[in-house]
Amino acid sequence: MASEEASLRALESLMTEFFHNCTTNERKREIEELLNNFAQQIGAWRFCLYFLSSTRNDYVMMYSLTVFENLINKMWLGVPSQDKMEIRSCLPKLLLAHHKTLPYFIRNKLCKVIVDIGRQDWPMFYHDFFTNILQLIQSPVTTPLGLIMLKTTSEELACPREDLSVARKEELRKLLLDQVQTVLGLLTGILESIWDKHSVTAATPPPSPSSGESGGDLLSSLLQSPSAAKLLNQPIPILDSESEYICSLALECLAHLFSWIPLSTSITPSLLTTIFHFARFGCDTRARKMSSVNGSSQNSVLGQERGRLGILAMSCINELMSKNCVPMEFEEYLLRMFQQTFYLLQKITKENNAHTVKSRLEELDESYIEKFTDFLRLFVSVHLRRIESYSQFPVVEFLALLFKYTFHQPTHEGYFSCLDIWTLFLDYLTSKIKSRLADKEAVLNRYEDALVLLLTEVLNRIQFRYNQAQLEELDDETLDDDQQTEWQRYLRQSLEVVAKVMELLPTHAFSTLFPVLQDNLEVYLGLQQFVVTSGTGHRLNITAENDCRRLHCSLRDLSSLLQAVGRLAEYFIGDVFAARFNDALTVVERLVKVTLYGSQIKLYNIETAVPSVLKPDLIDVHAQSLAALQAYSHWLAQFYSEVHRQNPEQFISLVSTALEAITPLISSKVQEKLLLSACHLLVSLATTVRPVFLIRIPAVQKVFNRITDTSTQRLPDKAQVLVCRALSNVLLLPWPNLPESEQQWAVRSTNHASLISALTREYRHLKSSAILPQRKVRLEDTKVIIHQTLSVLEDIVESISGESTKSRQICYQSLQESVQVSLALFPAFIHQSDVTDEMLSFFLTLFQGLRVQMGVPFTEQIIQTFLNMFTREQLAESILHEGSTGCRVVEKFLKILQVVVQEPGQVFKPFLPSIISLCMEQVYPIIAERSSPDVKAELFELLFRVLHHNWRYFFKSSVLASVQRGIAEEQMENEAQFSAIMQAFGQSFLQPDIHLFKQNLFYLETLNTKQKLYHKKIFRTTMLFQFVNVLLQVLVHKSHDLLQEEIGIAIYNMASVDFDSFYSAFLTEFLASCDGVDSNQKNVLGRNFKMDRDLPSFTQNVHRLVNDLRYYRLCNDSLPPGTVKL
């Protein structure tokens, strides 16, 4: 090597060149290689030590530290002990000499390198590592440096990475826990002394009573002691920037320590009180005020820094709060913490002459508010049940503060987070009431006022009438990940809170909501008087800008309130039907009236002064009124079953009127949003309510005629499918409350056949032309007919698949000809993957819903046709060349086979050999080597179903044999196919796709639970330890780390079949075959794997083995070449 000085100059110029923006990537790679080679040389660290002490170039220092980091973390074992001693003494000296002048990122990196040495060598070879840190903290000059070292030590030693053995990780944690009390004492001392030192000098006069800062009654009831209240009312000291910095470092240390140390008495009351003092910095608006008044930039930075102390203190509090396991002796501390935090909550929600609560919250740092909300969430979700029982904790007053805090949030996100907290509270209350039915009333009475207030305020918040400015800011166009807009999310979350209150206080909730709905309905129903007939149609004669704006707000509110009323429908049915009957009837009557009104005066087609705003509003209200009525379909069904015998007039009138409202909307001229709402309501009436008289209502007959008349324009796809489903269900579904003899099946069957015949007329004509070669234009038309017909038929079958046998029989009779046409068309379209996809979807639905009705011979014909069509070439073409549609076709085909192999009885058993051979000889070879997950999941599910539902096809254990021999001697059949399937499962564990891995591991475990797979002789003798080996290798390679737990359990279940062989043979063989570790290390690994036979200890041993094996490999890789190991 050249001289140190020359090397340094060369390195500096290389570094400058590397980071220069003109340097090419090619040259950068060359430099990188050069630097890596330099770092690998033995003794390179001596140069780096010289570079660190002699250069001012940041890049050079960073590079030198990286060389040290690499040496310590990867090559330390092979470094001579003399060199180690030298490094251990030089680096801390370097840090002490230069820590004030080094850039902060270099200083932090140097600290980390020293801590890395401690991680390897403390306490055995580096006994003063931790005492040095404590000394640095105690010496005023180096306190900040000591705190940085302490935080780095907590980060690197308490939760170390991979590169340590389990024994060392445990040792380090124990060593650190021994130091916790000392460390916490030191940190408390630092924070207290800075606070006290500056409190004395800050001789601010006490606030005058009128300024509203003096605690108030709530505070003394919270804090239980006047002295504590007085202490918290002291003015906040003004800190110089050095003290500010030290406090922020100390709080960062505490936050990290709290993340891993258990709650115990070493976290003393004085430490907690001190942290709370600092939390007050976040809610001190005066600090910000001063900075803005004085105007200097330095002051505003100071204000931000002070705010940051508050945020750090809240982080510490939240770390403690998030621990669910609270020892008895710590409970009192917790109570004290809550009391102090609620003092802060009271402080930030305090109103006085100068401030509204909202303006006060707006002045606070957004991150502080976030931390505070996190605290409240943790309090309600983790600790409320614990604290509520303390008589001295005023829960109701707390809710009052939370209420103020929630409804004065400056941002929407903040408000959402607070609504989440209320949802948690309401869930807690609901489950508490369900578990304590005896004092249900007492619990509810305690919280009733708070809940009614909450409900009223949440309802106000969703209305433009009260909250227009905020609601108009919400985006109602862009969809988020859940496919909803910001406005929809806002409304949905608000309505969830309303619904939860309704569950607890039904009468209150209803009497709060209904009058508000009534008010807006009056406006809507009153629009009729403003409708005038003009030359082109109807016009709404409201033109003044102010009136239009008010109408817009009222319609938006009506739409939201209709959604609220729909959301509450579930609270009127079941056991409470009779008790709440009148309220529900009032609602349903209003809804029926409103929907009919909208359809009669055709508000959706009316001309308005501001069409871009008012027209969508009117359409939305109409659609929401239909959707709200649909929500009450279960209530209507219950109403029907109660009154069908005696006086059903009222019920008949409701349903008939609703249908009058629906029918005019079923037209291709109506806007899709409204059309779909009408169709959904029609489906619910036909499916959920099922009144016997539905078919006789003229409105329904009108819809029948419209759908079966080919001359009218077809509805859009979605609507057509829904209307056909409704009409089919009217004829197919059994009428409730009537015996079989009165179901009129004969007439309904005839009607259903003619309905389907009309819907499939064009489709059935395709059969004759399918054989001829298709012209391009004809082909497109044919595809449209196939798509339109099959989407309707598939939906009809799906909707009755869970119904009575009679319904399914009639359905199949009507469909029979269309099904045969589909089968005849299938071969003609085998190369059109989009058509094949739709046909297979249809057949899949038929197999799932009507396979019994189709009968065995025809089902066999279908399966045989498919098996013949899907040749190896066809499968390859679909999977490899037709992209996602082709893969979907094959997946649906496999899904159909899944249904077939699950069928009990002997009917389809003859197909098993050809299904297995299709899987293993045709599909599997095509997909086995492809990295893409397409088709694999479906194929393995099919193989699993083959095994799971046809176990006797492979294992014929006769009952008699097992009785005679005491243990079933297995007769194995089709062994080659079984082995091939198992091998495919084994192969899938070597591939990167984590979803497939998880699914297949679950299948094997299920087969073991249900059919004792791992105990079968063939598995036990030829496969068991191959599987264990593969799973262990997967853990060692960390390729599927998310599944660590599942893999550990599977290894246990396999090993437990024969623990003796596992410990005596397998483990030894496994270790012998491991490369990268020497025989001594293998012995240690074997010795550390205790012969435990219970699941927790065994999986712990597995993870220890895997961790230590990786650690030893890492150590061995880092030894210098030619190292002799004894």
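Reply: Happy to! Let's start with burial: a residue counts as buried when its relative accessible area is under 20%. Keep in mind that this is a predicted model.

Me: Which helix holds V592, and is V592 buried or exposed?

Reply: V592 lies in helix α26, which covers residues 581–600. Its relative accessibility is 5%, so V592 counts as buried.

Me: What surrounds V592, leaving aside its neighbours within four places in sequence?

Reply: V592 is in contact with L629, L654, T657 and A658.

Me: Let's zoom out. What do the totals for the chain look like?

Reply: The chain has 1126 residues, and 53% of them count as buried. There are 52 helices and two strands. Along its principal axes, the C-alpha trace spans about 100 × 85 × 70 Å. For contacts, take those between residues at least 6 apart in sequence: 75% of them join residues at least 24 apart.

Me: How should I read the largest nonpolar core? Which residues touch the most other members?

Reply: A nonpolar core is a set of buried nonpolar residues joined through side-chain atoms within 4.5 Å. Here the largest one has 395 residues, and F68, L91 and W635 touch the most other members. Helix α9, residues 166–201, supplies the largest share of this core, with 12 residues.

Me: What does F68 touch, not counting residues up to four places away in sequence?

Reply: F68 touches W45, C48, L49, L52, I87, L91 and V113. Notice that L91, on that list, is also one of the residues touching the most other core members.

Me: Now helix packing. At what angle do α29 and α30 pack?

Reply: Helix α29 (residues 649–662) and helix α30 (residues 672–689) pack at an angle of about 150°, with their axes 10 Å apart. Angles over 145 degrees count as roughly antiparallel, so α29 and α30 are roughly antiparallel to each other. The crossing of α29 past α30 is left-handed. On the α29 side the contact is made by F651, A658, L659 and I662, and on the α30 side by A678, L681, L682, L685 and V689. By class, that contact has nine nonpolar, no polar and no charged residues.

Me: And how are α48 and α50 arranged?

Reply: Helix α48 (residues 1024–1037) packs with helix α50 (residues 1059–1073) at an angle of about 50°, their axes being 11 Å apart. These two helices are therefore oblique to each other, and their crossing is right-handed. From α48, F1025, V1028, N1029, L1032 and Q1033 meet S1061, F1062, F1066 and F1070 in α50. The contact of α48 with α50 has six nonpolar, three polar and no charged residues.

Key
Residues are numbered from 1 along each chain as its sequence is written. This is a predicted model: local features need pLDDT of at least 70, side-chain atom pairs count only at pLDDT 80 or more; totals for chains, interfaces and linings use all residues. Side-chain values use heavy atoms; hydrogens and water are left out. Buried means under 20% relative accessible area, exposed over 50%, partly exposed in between (1.4 Å probe, protein chains only). Helices (H or I, at least four residues) and strands (E, at least two) are DSSP runs, numbered from the N terminus. Contact means heavy atoms within 4.5 Å. Axes are lines fitted to C-alpha atoms, for helices over the stretch in contact, and angles run from 0 to 180 degrees between N-to-C directions. Angles under 35 degrees count as roughly parallel, over 145 as roughly antiparallel, 65 to 115 as roughly perpendicular and the rest as oblique. A crossing is left-handed if the near helix is turned anticlockwise from the far one by less than a right angle, and right-handed if clockwise. Ala, Val, Leu, Ile, Met, Phe, Trp, Tyr, Cys and Pro count as nonpolar, Asp, Glu, Lys and Arg as charged, and the others, Gly among them, as polar.
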